[in-house]
Amino acid sequence: MCGIVGYTGPRDAGPVLLDGLRRLEYRGYDSAGIALVTESGDLFVEKRAGKVAVLQDAMGDHPPRAGIGLGHTRWATHGRPSDLNAHPHSDCTGRITVVHNGIVENFRELRDELKAGGHTLQSETDTEVVAHLVEDAYAGDLADAVRVALARLEGAYALVVLHRDEPERLVGARLNAPLIVGIGAGESFLASDAAAIVAYTKQVIFLADGDVADVTPGGAVITDLSGAVVERKIDIIPWSVEAAEKGGYEHFMLKEIHEQPAALTSAMTGRLRHDSVCLEELDPIRDRLTGIDRVELIACGTAYYASLVGAALFQEWLGVPARSTVASEFRYSPPPINARTLVVAVTQSGETADTIAASRLAGDRGALVISVTNTVGSAITRESHAAVFLQAGPEVAVAATKTFVTQVATLVMLAADVAHHLGRLPAAKEQELVAALRRLPEQAERAIELAATTEEMADRYAEAAGFMYIGRSFGYPAALEGALKIKEISYLHAEGYAAGELKHGPISLLDADVPLVAVATRSAVYEKLISNLMEGKARDARVLAVATEGDTQIEQLATDVLWVPDTLEPLSTILAVIPLQLFAYHVAVKRGRDVDQPRNLAKSVTVE
Ligand code: M6R
């Protein structure tokens, strides 16, 4: 939920850290801070409530030159956003400073103990205890002291620690929160993710839980908590810094919406073979897949909506019960799980705490776990027997767009692959599916073009009192996701509902100020959906329909229509959501919202 970056090397650390913080800001943006060891050996700390830009203003045009430092951008958990609670946090001597992502669950007990031992703690945060624990343990070697301090912590952490008197050394550690080491030429980095450092190096080490990284300009030594050296391989980041920049678009969200055709192409690359689907990542677990008698999908937020499509297809194509559950419910009320249960964990970031915990629980109970994620090296890949990557490239806007459509496409391919290998997907059906998948990127491009009308429409809908989104079958996840987009970036209330449920309660919300947004693309349930649409129209609601090109009936019924190309029903979710993303984007812009960094949110939710 927070962004961390550290640097040691010959460059001027301040600008490197500020650049890294700007790129990590999507992880949290209620306060930011930086610590540098200046050329004269002093510890310089500046931290401010607000965004990185506020911190930058506070630092002025000439921050002190330094060869080492660390920075943090925060999404508050313990202690409200304020200058005082912003990271870094320091010890009593002012020599040791710490940035942290995660939650120290036993911090109250540790605070009491530290205060009783004579320490003065300044902030309301859980993190500050770490600086004081390191202070107590320090006897001339920072990595040793950090390992001693870590042994006292319960909870989750990615930490970077700096000691003023060891001015080339950073110590990083992770447990259930991401941290990577960047290896450059005579310089090294620590960061929450590659976006912060890819402008400087593409060589990274994905730290594992329990790792402690002793980082100097010459490289990194990784140990476990006991100090024993562990070997970690160096990975190469497959994308460049341009992929994490706006590229001329006003917002990352708009850029990422426009990247969807290319992201879909990339998600399918190497996975469509003539007339069949094949995910090589499943090869090592094919033996276990043969015995599967139930499928449980787990995910949060947008990923959960994508997983509804996967559940429907596993059930239809495999002929076994399949369902999707939000991970935060699954983990506390799990279904019966055994070795014949396939669990599919869907998470863009690969670090959502609830999804990881639910996957771990399922794995511990013997399930076969497959993760579907966008993030190579992320925690979820260690909780699963096989990882299938979205290959969508970095997504920076907090509101998910290209990762939703690639999650749906990847789940469609996953269900098709498993059904194919179990001999349950008829060849003709698979052939038809592969042909439709191949058309998808071009159709997504057309859906974007057709949705140009959303900008003008937003003028007429931006002052609505709220919205009701409805859909059935594969239109239902699109309705849920469309409503979530409106909520999170425009701050307007929107309900996403199964269309058949409208008359069981929420229809009372409809009137001239609450439009009905109906996903009414061509499907087996089209006529049923039209009946629901008419129910809304009869209550004076304006009706905004998402419909298939060529549907002449809908034009007579709806106030406005957003057109999408025709495709197979399981893929219709992908095309239907595109105009809804653009509609939400333009409504949010009209309402003057912070589209890429909406209030109260962070992109990665690493707390429960
Ligand atoms: O990284 P994940 O896919 O696990 O994230 C899950 C949700 O937090 C996420 O999908 C969230 O709902 C979206 N950012 C909303 O646009």
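# A first look at this predicted model

Glu109 counts as exposed, because its relative accessibility is 52% and the mark for exposed is over 50%. Keep in mind as you browse that this is a predicted model.

- Glu109 sits in helix H3, which covers residues 107-116.

- Helix H1 takes in residues 13-24, and its 12 residues should span 16 Å at 1.5 Å a residue; the C-alpha atoms at its ends are 16 Å apart, so the two agree.
- Most of H1 is covered, with 10 of its 12 residues buried.
- Among the buried residues of H1 are Val16, Leu17, Leu18 and Leu21, and the list also includes Asp19 and Arg23.
- Helix H13 runs over residues 402-421, and its 20 residues should span 28 Å at 1.5 Å a residue; its end C-alpha atoms are 28 Å apart, so this one agrees too.
- H13 is mostly covered as well, since 18 of its 20 residues are buried, and buried here means under 20% relative accessible area.
- Just after H13 comes Gly423, with a positive phi of about 70°.

**Salt bridges**

- The count of salt bridges comes to 39.
- Arg286 takes part in a salt bridge with Asp283, at 3.1 Å from N to O.
- Arg286 also meets Asp417 in a salt bridge, this time at 2.7 Å from N to O.
- Arg286 belongs to helix H8 (residues 286-289) and Asp417 to helix H13, so their pairing ties together parts that lie 131 residues apart in sequence.
- Both Arg286 and Asp417 are buried; for Arg286 the relative accessibility is 16%.
- Asp283, on the other hand, counts as partly exposed because its relative accessibility is 42%.
- Lys233 and Asp235 bring their side chains together in a salt bridge of 3.0 Å, N to O.
- Lys233 is exposed, since its relative accessible area is 60%.

**Backbone spots worth a look**

- As background, most residues other than glycine have a negative phi, and most peptide bonds are trans.
- Asn176 is not a glycine, yet its phi is positive, near 60°.
- You'll find Asn176 in the loop between strand E8 (170-175) and strand E9 (180-183), and it counts as partly exposed because its relative accessibility is 31%.
- Ser473 is another residue that is not a glycine but has a positive phi, in this case about 50°.
- Ser473 is placed in the loop between strand E22 (467-471) and helix H16 (475-490), and its relative accessible area of 41% makes it partly exposed.
- The peptide bond from His87 to Pro88 is cis, with omega near 5°.

**The loop between E4 and E5**

- Pro88 is located in the loop that links strand E4 (66-74) and strand E5 (89-90).
- Pro81 lies in the loop between E4 and E5 too, and with 38% relative accessibility it counts as partly exposed.
- Pro81 and Gly50 are 31 residues apart along the chain, while their C-alpha atoms are separated by 7.9 Å.

Methods. Residues are numbered from 1 along each chain as its sequence is written. This is a predicted model: local features need pLDDT of at least 70, side-chain atom pairs count only at pLDDT 80 or more; totals for chains, interfaces and linings use all residues. Side-chain values use heavy atoms; hydrogens and water are left out. Helices (H or I, at least four residues) and strands (E, at least two) are DSSP runs, numbered from the N terminus. Buried means under 20% relative accessible area, exposed over 50%, partly exposed in between (1.4 Å probe, protein chains only). The expected span of a helix is 1.5 Å times one less than its number of residues. A salt bridge is a side-chain nitrogen of Lys or Arg within 4 Å of a carboxyl oxygen of Asp or Glu.
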